[in-house]
Amino acid sequence: MKRTQKPTFEVKVGAILGSAWKNETADGLYYYTISLTRLHKDQQNRWQRSNSFRHNDLSALGNVVTQLQAECDHRAPRLQSHPGALSATIWPNDGPNGPYFTGTITRFYKDETGQRRLAKTFRPQDLPVITDLVADLKQKMTLLVSDPEALWPPKYDPRGELPEEDPDIDIFSEAEFEEPLPVA
């Protein structure tokens with residue numbers, strides 16, 4: 001699991017600071033971890049952080065939590081579909097010219113231990129499905145450009161399981177998968 005060194009974003013209300021770090025699992029999924037702190041000055045007039053809160057901090061603490069939740073939701077994918085072992089995702093982004101959307105297509109597999117892993121390559125039988133996914137991503141991203149809230153709330157479960165009955169999800173190692181195909 002990777003964790004960024006600096007918070008991805010922070011929210012501050014009064015003396016309460018909420019920080020969110022984006023974490024990525026070995027299988028390419030992400031989630032946020034949140035820390036809440038109270039800022040205060042010590043007897044030497046130096047800023048300190050505490051993870052204890054006073055009764056009169058609760059209102060600001062609630063506001064920080066609400067804003068953190070809204071920002072995490074804003075940064076969550078707008079759509080993630082799972083046809084078999086493939087996954088198509090639409091991601092919101094903020095740029096200097098305003099918000100925009102990007103799309104990704106990934107493939108998952110289960111390793112020898114049954115753990116979900118992110119594949120670095122696609123199989124020939126994935127290509128027709130990828131073509132359909134690209135067309136679907138284009139349609140939905142065009143819709144989002146005209147109406148950014150069209151696919152709200154986000155439909156994404158970062159811990160979603162792969163379908164158990166899907167015959168396209170094989171159990172093999174990534175090294176095994178990347179062996180060259182036999183030449184006919």
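How many bridges join strand β6 (residues 79–81) to strand β7 (residues 86–95)? There are three, and the two strands run antiparallel. Strands count as paired when DSSP finds at least two bridges between them. Helices (H or I, at least four residues) and strands (E, at least two) are themselves DSSP runs, numbered from the N terminus.

Before going further, a word on what you are looking at. This is a predicted model, in which local features need pLDDT of at least 70 and side-chain atom pairs count only at pLDDT 80 or more, while totals for chains, interfaces and linings use all residues. Residues are numbered from 1 along each chain as its sequence is written, and side-chain values use heavy atoms, with hydrogens and water left out.

Let us step back to the whole chain. Its secondary structure comes to three helices and nine strands, and from the N terminus on the elements follow the order β-β-β-β-β-α-β-β-β-β-α-α. Of the 184 residues in the chain, 34% are buried; buried means under 20% relative accessible area, exposed over 50%, and partly exposed in between, with a 1.4 Å probe and protein chains only. The accessible surface of the chain is about 11800 Å², and carbon and sulfur atoms hold 54% of that; such areas come from the Shrake-Rupley method with a 1.4 Å probe, and for residues only the protein chains shown count as cover. Contacts (heavy atoms within 4.5 Å) tell you how the chain folds back on itself: among those between residues at least 6 apart in sequence, 48% join residues at least 24 apart.

Now find strand β3 (residues 16–24), where seven of the nine residues are buried. On one side, strand β2 (residues 9–13) is joined to β3 by five bridges in an antiparallel pairing, with F9 opposite A20. The hairpin of β2 and β3 has two residues between the strands, and in this hairpin G14 takes a positive phi near 60°. Strand β4 (residues 30–41) also pairs with β3 in the antiparallel sense, over nine bridges; here K22 stands opposite Y32.

Helix α1 (residues 58–75) comes next on our tour. Its 18 residues reach 26 Å from the first C-alpha to the last, close to the 26 Å expected at 1.5 Å a residue; the expected span is 1.5 Å times one less than the number of residues. The buried residues of α1 are A60, L61, V64, L68 and C72. They lie on the same side of α1 because they cover an arc of only 105° around the axis, taken from the directions from the helix axis to the C-beta atoms. These buried residues pack against β2, β3 and β4, while the face turned away from the buried side carries the exposed residues S59 and T66.

Finally, return to the strands we began with. β6, β7, β8 and β9 form an open sheet in the order β6-β7-β8-β9, with antiparallel pairing. β6 and β9 (116–118) stand at the edges with a single partner strand each, so one side of each has no neighbour in the sheet. Neighbouring strands of this sheet are turned by 30° against each other on average, direction ignored; the axes are lines fitted to C-alpha atoms, for helices over the stretch in contact, and angles run from 0 to 180 degrees between N-to-C directions. A hairpin of two residues joins β7 to β8. β7 and strand β8 (residues 98–110) pair over 10 bridges in the antiparallel sense, with P92 opposite F101.
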